[in-house]
Amino acid sequence: MRGHMTRTAALLCAALGLTAAVGTASAAPTEPRSARQASGPVLVDCLWRSQVRPDAFLLACGDGNSRLVSLKWDHWKAGSAKATGVSVVNDCEPYCAAGTFRSYPVVVRLDEPRAWQKDPRTQRYGRISLEYPGERPEQFRRVMTYPLWD
């Protein structure tokens with residue numbers, strides 16, 4: 001009888017452990033598609049993480065005064081990517097800490113794919129262009145082009 005109870009207790013503990021492991025794995029947050037699952041190059045963010053088709057992207061890593069939000073990707077290919085969204089820029093009036101964030105419609109283009117220094121097997125976009133079809137920040141041209149960090 002004692003042997004039967006020991007086996008039953010052992011099986012019960014094993015079943016509970018398996019249930020906990022499966023429950024934990026299924027409750028874990030899903031991460032963005034990795035570089036190896038990406039269709040085309042990745043976009044590297046301020047924390048040197050790869051992103052594919054992000055909804056938002058911080059342009060001013062140092063002070064956070066410029067970011068892209070509500071991004072809707074038209075395509076994400078080996079040579080380029082294109083999205084529409086909103087550019088949110090601090091006007092820094094009278095100075096940045098007291099400035100107002102203003103929103104502008106924008107077309108985002110990524111291109112110049114190259115090997116990513118962190119993982120040379122992964123391609124990352126090397127340049128971003130922002131096209132403002134309507135209003136834009138006072139100091140900006142209609143098309144602003146920037147190199148992307150590695």
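A residue counts as partly exposed when its relative accessible area lies between the buried range, under 20%, and the exposed range, over 50%. In this predicted model, Cys92 has a relative accessible area of 21% and is therefore partly exposed.

**Disulfides**

The model contains two disulfides. Cys92 is joined to Cys96, with an S to S distance of 1.9 Å. The torsion about this S-S bond is about 95°, so the disulfide of Cys92 and Cys96 is right-handed. Cys96 is also partly exposed, at 34% relative accessibility.

The other bond links Cys46 and Cys61, whose sulfur atoms are 1.8 Å apart. Here the torsion about the S-S bond is about -80°, so the disulfide of Cys46 and Cys61 is left-handed. Cys46 lies in the loop between strand S1 (43-44) and strand S2 (50-51), while Cys61 lies in the loop between strand S3 (57-58) and S4; the pair therefore ties together parts that are 15 residues apart in sequence. The accessibility of the two ends is as follows: Cys46 is buried, with a relative accessible area of 18%, and Cys61 is partly exposed, at 36%. With the bonded cysteines of the chain numbered in sequence order, the pairing reads 1-2, 3-4.

**Aromatic pairs**

The count of aromatic pairs is five. Two of the pairs are tabulated here.

| Pair | Distance between ring centres | Angle between planes | Geometry |
|---|---|---|---|
| Trp73 and Trp76 | 4.9 Å | 80° | edge-to-face |
| Trp76 and Tyr125 | 5.3 Å | 80° | edge-to-face |

Trp76 lies in strand S4 (residues 66-76) and Tyr125 in the loop between strand S8 (123-124) and strand S9 (127-131), so this pair ties together parts that are 49 residues apart in sequence. Trp73, Trp76 and Tyr125 form one aromatic cluster.

Trp76 is buried, with a value of 3%, and Tyr125 is buried, with a value of 1%. The cut-off for burial is under 20% relative accessible area.

**A charge over a ring**

Arg67 and Phe101 make a contact of another kind: the charged end of Arg67 sits over the ring of Phe101, 4.9 Å from the ring centre.

Definitions and conventions: Residues are numbered from 1 along each chain as its sequence is written. This is a predicted model: local features need pLDDT of at least 70, side-chain atom pairs count only at pLDDT 80 or more; totals for chains, interfaces and linings use all residues. Side-chain values use heavy atoms; hydrogens and water are left out. Rings of Phe, Tyr and Trp (its six-membered ring) pair if their centres lie within 6.5 Å; planes under 30 degrees apart count as stacked, over 60 as edge-to-face and the rest as tilted. Buried means under 20% relative accessible area, exposed over 50%, partly exposed in between (1.4 Å probe, protein chains only). Helices (H or I, at least four residues) and strands (E, at least two) are DSSP runs, numbered from the N terminus. A charge sits over a ring if NZ of Lys or CZ of Arg is within 6 Å of the ring centre and within 35 degrees of the ring normal. A disulfide is a pair of cysteine sulfur atoms within 2.5 Å.
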